[in-house]
Amino acid sequence: MRKVLLWLPLMVFALFAGVLLRGLVSPESATIGSKMVGKPVPQFSLPPVVPSHPGLSSADLKSGKPVLLNIFASWCLPCAAEAPVLLELQKQGVEIHAIAIRDKPDDVVEFLRKHGDPYARIGSDVSSKVQISLGSSGVPESFVIDGKGVVRMQHIGDIRAEDVPQIVAALKAAQ
Amino acid sequence: MRFLAPLYLLAIGISAPTLADSRMDAAPYAYVQLKDPAQEQQAKHLMETIRCLVCQGQSIADSDAEMAGDMRSLIRERIARGEKPEAIRAWLVERYGDWVTYAPPTRGTSLLLWGMPALLMMLGAALALGRIRKRGR
C-alpha cells in the first residue's frame, strides 16, 4: 500500500504529461455546431443569384412542409462532390433550397450546368451575413427545416451517400 | 536536367489552386476602418475577442480568412448603426455558443475552473498543517 502511494505522484504526473503531449501531437479541430438547431430560422431575405431561380427568404422556409436548406458555393470543391447526392434526394421528393455564399451569377450558372441542379430557390449571400445568422461556419452545410420554419438538424460538410438515411429520417421527423 | 527547371516552375504556376476561397471581393468593412475613431475602437476590441470559425485559435481581427473578413464587416456595420458591442457578442454566442468568444460568460463549469486551484491550495495547506503538528508532538 505504501509503495503504491509512493508512486502515485509520478503516475499522476505521467498522466498529465500524456494528455498535454497528445494535445501537441494531434491538436483538436472541432467542428462548431450551430446553436440554432431547435430555434426558428432568423428573418432574412436574399435576392436571386441566377435568373433561373427565385431568391430565398425566411418566409419561403415556412411553407408547411419540411425542406432541406443547402449552404453551398460554386468555388467549394466538397459542394461539387455532394451535388449528385442532393440530386438523388431531390428525386426522392425532397424540396431543396439553397444559399450561395460569396458567389457570382456566371459561376453559379456554370456550377449548376456542370454538377446538376437540385434547387428550387437560390438566395445570394454575398458577405455571408445570413450564413452567420444561421450559425453556419462553412460550406457546404445543410439544415433540415420543418414546415413552421424551425431548424431541426444541421449537417456539417458534404452530404455523402451514407448520410442520406439520416437526413431523410430527420425530414420525416420534421413533418 | 537543369533545363527542366523552368518547366517545373510553369507546372506549379498553372496547376489550379484548390484553395477554398471565393472570387468575390472582401466585404465592405473587412479591411476598412470605421470613420468614427471611438466606434472603430469598440469594434476593434470586440473583433479581438471573437474567435475565427475557420481558422480556430485566431481571433477574427488576426485572420485573413474570408469568413473572418465577413464577420469583421458585420461587426463594424452593426456598431456603425449604433449597436452595443456586448449585444453583438451575445448575438454571435446565441448562434455559435460560448466557443466563439474569448471572453466567455461565467457559468458553472468556469466556476469550477477558477475555484479548483483555490480549493486544492486549501487542501494542501490543511495536509501540511496536519503533518507539521504531528511532527511537533
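**View 1. Ser128(A) sits in the loop between β5 (121-125) and α4 of chain A.** This is a predicted model, and here Ser128(A) has a positive phi of about 60° although it is not a glycine. Is Ser128(A) buried or exposed? Ser128(A) counts as buried, because 28 other C-beta atoms lie within 10 Å and 20 or more is the cut-off.

**View 2. Arg102(A) also has a positive phi without being a glycine, with a value of about 45°.** Look for Arg102(A) in the loop that links β4 and α3 of chain A. Arg102(A) has 27 C-beta neighbours inside 10 Å, so this residue is buried.

**View 3. A cis peptide bond joins Val139(A) to Pro140(A).** Its omega is near -10°. Pro140(A) belongs to the loop between α4 (129-133) and β6 of chain A.

**View 4. The largest nonpolar core brings together 37 residues.** Phe72(A), Ala73(A), Ile99(A), Ala100(A) and Ile145(A) have the most contacts inside this core. Two or more residues each come from β3 (67-72), α2 (77-91), β4 (96-101), α3 (105-115), β6 (141-145) and β7 (151-156) of chain A. Which element gives the most to this core? That is β3(A), with five residues.

**View 5. Ala100(A) and its contacts, leaving aside residues up to four places away in sequence.** Ala100(A) touches Val49(A), Phe72(A), Ala73(A), Val108(A), Ile122(A), Ser124(A) and Asp125(A).

**View 6. Two helices of chain B, α2 (residues 37-48) and α4 (residues 85-96), pack with their axes 10 Å apart.** The angle between them is about 30°, which means that α2(B) is roughly parallel to α4(B). The crossing of α2(B) past α4(B) is right-handed. Where the helices meet, α2(B) brings Gln42(B), His45(B) and Leu46(B), while α4(B) brings Pro85(B), Ile88(B) and Arg89(B).

**View 7. Stepping back, chain A holds five helices and seven strands.** Starting from the N terminus, their order is α-β-β-β-α-β-α-β-α-β-β-α. The C-alpha atoms of chain A fill a box of roughly 80 × 35 × 30 Å along the principal axes. Chain A has a radius of gyration of 21 Å, whereas a compact globule of 175 residues would have one near 16 Å. Of the 175 residues in chain A, 39% are buried. Among its contacts between residues at least 6 apart in sequence, 76% link residues at least 24 apart.

Conventions:
Residues are numbered from 1 along each chain as its sequence is written. Chains are lettered from A and ligands numbered from 1 in the order in which they are written. This is a predicted model: local features need pLDDT of at least 70, side-chain atom pairs count only at pLDDT 80 or more; totals for chains, interfaces and linings use all residues. A nonpolar core is a set of buried Ala, Val, Leu, Ile, Met, Phe, Trp, Tyr and Cys residues joined through C-beta atoms within 7 Å. A residue is buried if 20 or more other C-beta atoms lie within 10 Å of its own, exposed if 12 or fewer, and partly exposed in between; C-beta atoms are placed from the backbone. Helices (H or I, at least four residues) and strands (E, at least two) are DSSP runs, numbered from the N terminus. Two residues are in contact if their C-beta atoms, placed from the backbone, lie within 7 Å. The radius of gyration is taken over C-alpha atoms; the globule rule is 2.2 Å times the number of residues to the power 0.38. Axes are lines fitted to C-alpha atoms, for helices over the stretch in contact, and angles run from 0 to 180 degrees between N-to-C directions. Angles under 35 degrees count as roughly parallel, over 145 as roughly antiparallel, 65 to 115 as roughly perpendicular and the rest as oblique. A crossing is left-handed if the near helix is turned anticlockwise from the far one by less than a right angle, and right-handed if clockwise.
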